[in-house]
Amino acid sequence: MIYCCTVDFLGRPVDIRWLIGLVDSDEEGGGMKLQSLAVSMVALLGLSACDLTGPLQDLKTSQPTGSRFTQSLAASYLAFSQEEANDQDWFNSRHFALKGLAAAGGEAVLPENPADWDIDNGPSQGDLAALRARLIVALDAGRDRAPDMAATAQTGYDCWLEELSEGWE
């Protein structure tokens, strides 16, 4: 086996070329094509999880800049993204970590647009859009006067939408 192309899989060295089908399993000492496919899928899922958690790791080590609001917003999105990661909701964890990174860079990111979420149960899209509009007006008035409270309101709203889309998991 060529070790520069070897990964450890369940305590056993596996040729990565075999995982992706570049080398026939018979050539590398046996095994079934189904096993190769299963191992490939597990490896790809593992790589995907690494890519999905990268923004959260970046947010953890970021040094937020900008206004007190954007710094507080970055911290709130970090906590929310971490909660989603703890629940193994990698896609939403990544999404909110990216929003946190933008806030950490000084960008005043907007609350989630309810039209971007698949919400079947709960308030209508019209009601959700009206609530978002009211929140934006409140944020515009409160970002400077009460930055921590405004950041908490925004991430609370985003969390609420995300939970509505999951049927309150």
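Analyst: Helices (H or I, at least four residues) and strands (E, at least two) are DSSP runs, numbered from the N terminus. In that numbering α6 is followed by G167, whose phi is positive, near 70 degrees. The model is predicted: local features need pLDDT of at least 70 and side-chain atom pairs count only at pLDDT 80 or more, whereas totals for chains, interfaces and linings use all residues. Residues are numbered from 1 along each chain as its sequence is written, and side-chain values use heavy atoms, with hydrogens and water left out.

User: What elements does the protein have, and in what order do they run?

Analyst: The protein has six helices and two strands. From the N terminus on, the order is β-β-α-α-α-α-α-α.

User: Why is Q88 called exposed?

Analyst: Buried means under 20% relative accessible area, exposed over 50%, and partly exposed in between (1.4 Å probe, protein chains only). Q88 has 59% relative accessibility, which is over the limit, so Q88 counts as exposed. Q88 lies in the loop between α3 (68-86) and α4. Its phi is near 60 degrees, a positive value in a residue other than glycine.

User: What makes D118 exposed?

Analyst: The relative accessibility of D118 is 57%, so the exposed class applies. D118 lies in the loop between α4 and α5. Its C-alpha atom is 9.2 Å from that of E162, 44 residues away along the chain.

User: Why do R132 and L139 count as buried?

Analyst: R132 has 17% relative accessibility and is therefore buried; L139, at 2%, is therefore buried as well. R132 lies in helix α5, and L139 lies in helix α5 too. Contact means heavy atoms within 4.5 Å. Leaving aside neighbours within four places in sequence, R132 is in contact with L110, P111, E112, N113, P114 and Y157.

User: What makes α5 and α6 roughly antiparallel?

Analyst: Two packed helices are described by the angle between their axes and the distance between the axes. Axes are lines fitted to C-alpha atoms, for helices over the stretch in contact, and angles run from 0 to 180 degrees between N-to-C directions. Angles under 35 degrees count as roughly parallel, over 145 as roughly antiparallel, 65 to 115 as roughly perpendicular and the rest as oblique. The axes of α5 (residues 125-142) and α6 (residues 147-165) cross at roughly 165 degrees and come within 9 Å. The two helices are therefore roughly antiparallel.

User: Why are α3 and α6 called roughly parallel?

Analyst: Their axes are 8 Å apart, at an angle of about 30 degrees. That falls under the parallel limit, so α3 and α6 are roughly parallel. Residues of α3 in the contact include F69, L73 and F80; among their partners in α6 are A150, A151 and C159. The contact divides into eight nonpolar, five polar and six charged residues. Here Ala, Val, Leu, Ile, Met, Phe, Trp, Tyr, Cys and Pro count as nonpolar, Asp, Glu, Lys and Arg as charged, and the others, Gly among them, as polar.

User: Which handedness does each crossing have?

Analyst: A crossing is left-handed if the near helix is turned anticlockwise from the far one by less than a right angle, and right-handed if clockwise. The crossing of α5 with α6 is left-handed, and that of α3 with α6 is right-handed.

User: Which elements cover the buried residues of α6?

Analyst: The cover includes α3, α4 and α5. Among the buried residues of α6 are A150, Q154, D158 and L161.
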